[in-house]
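Student: I would like to learn how to read a model of this kind feature by feature, beginning with the aromatic rings. Could you give me the general idea each time and then turn to the case at hand?

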Amino acid sequence: MSQAAPTPPESSPAQKGRVPKTVWDLVFTLVIPILILSPNILGSGISVAEQVFGGGTAGNVRAYLLAALIPVAYVLWDLAVNRNVSPVALIGGAGAIFSGALAFWYVDGFWYAIKDSARSYLTGLLFLISAATSVPLFRVFLDASSIGESPEHRAATQRAMRDPAVHRGLVLGTVVFAVVDLIGGVVNSVVNYQRVTAKFGTDDFNAQVAAVNALMRVPGLIISLVGVFGAIWLVNRAVQARYGAGASLFEPGKLAERMRERGEPVA
């Protein structure tokens, strides 16, 4: 018998006033770094490199490092506080550490353009390599998304992902995700090469880096989403070809139902 959905409890004032995590992500990975790099914060005449670090090349380098390391510290703090040890979170943490290490590679011009996209290049290469293994990395992402499911539903998604036909879809989705990520890295490198032309350690260099970071945030996000949704579409197409219309790894209840209709064990 169907039951009416329970009325959700009213949110407490503290919950209503809580700032969404996406806002904090934006503040610590984009807004604060841009303000630190700016030689004239919001037209106030204040410069972190000048007022905090004493100006000159040394001040600009320290401001650059601070702007680069704050997002890294935020990502690692978030992992520690939430105690998130899922493969996706660990990959994100490793990427943050990699980006932090690259901050100490003091380059400009062509090599800075390469450095600023190095994380995308590394991620793309790792996904391409994993596509040739028994565990393509896009499967790791999908597997992490099913952790909170019921045992039966999780068993259904796990069984589906082990199926040879679906595995081929996971491989193809991983390749598409990797290629799009590499394309995003190339686009970012081209924009940086064209716009970040000043010498490393100067006011102009920091200002140009801040401007490109702001400019590329939305296009970079769009490119990443194209890769994700393209990979998801390919995987779901493989699942539906194998188990029938309506089957989806993101709707494990329907997937389990299609398996039972075909007389296949769910677990």
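Tutor: Rings of Phe, Tyr and Trp, the last by its six-membered ring, are taken as a pair if their centres lie within 6.5 Å. This is a predicted model, and a search of the whole structure by that criterion finds 15 aromatic pairs.

Student: How far apart are the ring centres of Tyr64 and Phe200, and at what angle are their planes?

Tutor: Planes over 60 degrees apart count as edge-to-face. The ring centres of Tyr64 and Phe200 are 5.3 Å apart and the planes stand at 85°, so this pair is edge-to-face. Tyr64 belongs to helix H4, whereas Phe200 sits in the loop between helix H10 (164-195) and helix H11 (203-243), so the pair ties together parts that are 136 residues apart in sequence.

Student: Are Tyr64 and Phe200 buried or exposed?

Tutor: The term buried is kept for a relative accessible area under 20%. Tyr64 is buried, at 6%, and Phe200 is buried as well, at 14%. Both rings also belong to one aromatic cluster, which is formed by Tyr64, Tyr106, Tyr112, Phe200 and Phe205.

Student: Which secondary structure elements does the chain have?

Tutor: The chain has 12 helices and 0 strands, so that its pattern, read along the sequence, is α-α-α-α-α-α-α-α-α-α-α-α. Taken along the principal axes, the C-alpha atoms fill a box of roughly 75 × 50 × 25 Å. Of the 267 residues in the chain, 38% are buried, and among the contacts with a separation of 6 or more, 65% are between residues 24 or more positions apart.

Student: How should I read the packing of two helices, and at what angle do H2 and H4 cross?

Tutor: One looks at how the two axes approach and at the angle between their N-to-C directions, where angles over 145 degrees count as roughly antiparallel. The axes of helix H2 (residues 21-37) and helix H4 (residues 56-82) come within 7 Å and cross at roughly 165°, and H2 and H4 are therefore roughly antiparallel to each other. The crossing of H2 and H4 is right-handed.

Student: Which residues of H2 and H4 meet?

Tutor: From H2 the residues are Lys21, Trp24, Asp25, Phe28, Thr29, Ile32, Pro33, Ile36 and Leu37, and they meet Ala63, Tyr64, Leu66, Ala67, Ile70, Pro71, Tyr74 and Asp78 in H4. Sorted by class, this contact of H2 with H4 has 13 nonpolar, 1 polar and 3 charged residues.

Student: What does Ala113 touch beyond its sequence neighbours?

Tutor: Residues up to four places away in sequence are not counted, and with those set aside Ala113 touches Ser189, Asn192 and Tyr193. Ala113 lies in helix H6 (residues 109-116) and is buried, with a relative accessible area of 2%. Ala113 and Tyr193 are 80 residues apart in sequence, yet their C-alpha atoms are 5.2 Å apart in space.

Student: Where is Ser47, and which residues is it in contact with?

Tutor: Ser47 is in the loop between H2 and helix H3 (48-52), and this loop residue is buried, with a relative accessible area of 7%. Leaving aside neighbours within four places in sequence, Ser47 is in contact with Ser38, Pro39 and Val52. The C-alpha atoms of Ser47 and Asn60, which are 13 residues apart along the chain, are separated by 9.6 Å.

Note on methods: Residues numbered from 1 in each chain as written. Predicted model: local features only at pLDDT ≥ 70, side-chain atom pairs only at ≥ 80, totals over all residues. Heavy atoms only, no water. Axes fitted to C-alpha atoms, helices over the stretch in contact; angles between N-to-C directions. Helix = DSSP H or I, 4+ residues; strand = E, 2+ residues; numbered from the N terminus. Parallel < 35°, antiparallel > 145°, perpendicular 65-115°, else oblique. Left-handed = near helix turned anticlockwise from the far one by under 90°. Contact = heavy atoms within 4.5 Å. Nonpolar A, V, L, I, M, F, W, Y, C, P; charged D, E, K, R; others polar. Buried < 20%, exposed > 50% of the residue type's maximum accessible area, 1.4 Å probe, protein only. Phe/Tyr/Trp six-rings, centres within 6.5 Å; stacked < 30°, edge-to-face > 60°.
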